Amino acid sequence: PAGEGNEAAMAFDLGADDAVGPSVTAEELALRTRGLLRRKRRSDQNRARMQDGLRLAVLDPLTGLYNRRFAGPQLASVADRARAEGTSFAVMVMDLDRFKQVNDLYGHAAGDQVLVEVARRLGANLRESDVLARIGGEEFLAILPDSCMMKARRVAERLCQAIDDAPVRLHSGEELHVTMSIGVAVASGAGEADVVVEGLVEQADLALLESKGAGRNQVTYRMCA
């Protein structure tokens, strides 16, 4: 009501953006409304920029997978949970074989198409609870909570087969056959989480090197001490 400011003050205190009395003219109301709409558009733009920034901070822009910055804390969190629950978990380090030849022979654009398709196939063969990240040029990391060696073995072999089964079709119509080597390490939740994580990744890296040395396109397994 006109002349009673308590209601307007209460409205502002509750979060209102504006308040008018019953005597407001249509012209003034239109001006106030346009001002509020401008403010909302600026707020929406700022929110969208912030969300884009957050996505870029944790996502690989090419494949849409998580990046190394996100994978590290996630692995530590999985190790903490495994220690609390007394369960085991697995880490897979995966690397495309002879990927440099793809870039050299077909160009980096073709290489990017291969990476995108490989990321899609890997993601399609993992659980929603698993974490998949691109941690290097053609290197990927998968974190499998609540996974023993037998379960990790089945998953790793399925991933390796998913890459080997069908060629990658480029936008040009050409088809490229690519393969992937995988190193798997499994650990229980016992011990300090940071020590477990550091040792697990190291063992997975060593297993990957063994896969490469044994002829590529295969999986090697290790238990973390």
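Where is the place of N217?

Mentor: N217 is found in the loop between α7 and β8. This is a predicted model, in which local features need pLDDT of at least 70, side-chain atom pairs count only at pLDDT 80 or more, and totals for chains, interfaces and linings use all residues. Residues are numbered from 1 along each chain as its sequence is written, and side-chain values use heavy atoms, with hydrogens and water left out. The names of helices (H or I, at least four residues) and strands (E, at least two) refer to DSSP runs numbered from the N terminus.

The backbone of N217 deserves attention: its phi is positive, about 55°, although N217 is not a glycine. Most residues other than glycine have a negative phi. R216 also has a positive phi, of about 70°, and is likewise not a glycine. R216 belongs to the loop that runs between α7 (193-213) and β8 (219-223).

With a relative accessible area of 28%, N217 is partly exposed; the term covers values between buried (under 20% relative accessible area) and exposed (over 50%), with a 1.4 Å probe and protein chains only. R216 is partly exposed too, at 29%.

Because D97 lies in the loop between β2 (88-96) and α4 while K212 lies in helix α7, the pair ties together parts that are 115 residues apart in sequence. D97 and K212 are both buried.

Helix α4 (residues 99-106) has F99, V102 and N103 as its buried residues. Because these cover an arc of only 90° around the axis, they sit on the same side of α4; the arc is that of the directions from the helix axis to the C-beta atoms. K100, D104 and L105 are exposed residues on the face of α4 turned away from that buried side.

The structure holds 15 salt bridges. In one of them, the side chains of D17 and R39 meet at 3.6 Å, N to O. D17 comes from the loop between α1 (5-13) and α2, whereas R39 is in helix α2, so this pair ties together parts that are 22 residues apart in sequence. R39 is partly exposed, at 42%.

Another salt bridge joins R121 and E117, with the closest N and O atoms 2.8 Å apart. These two residues lie in helix α5 (residues 108-124), four residues apart, which is about one turn of the helix. R121 counts as buried, its relative accessibility being 10%.

Finally, consider E175 in strand β6 (residues 175-176). E175 counts as partly exposed, at 44% relative accessibility. Between E175 and V114 there are 10.0 Å in space, C-alpha to C-alpha, although the two are 61 residues apart in sequence.

Note on methods:
Salt bridge = Lys/Arg side-chain N within 4 Å of Asp/Glu carboxyl O.
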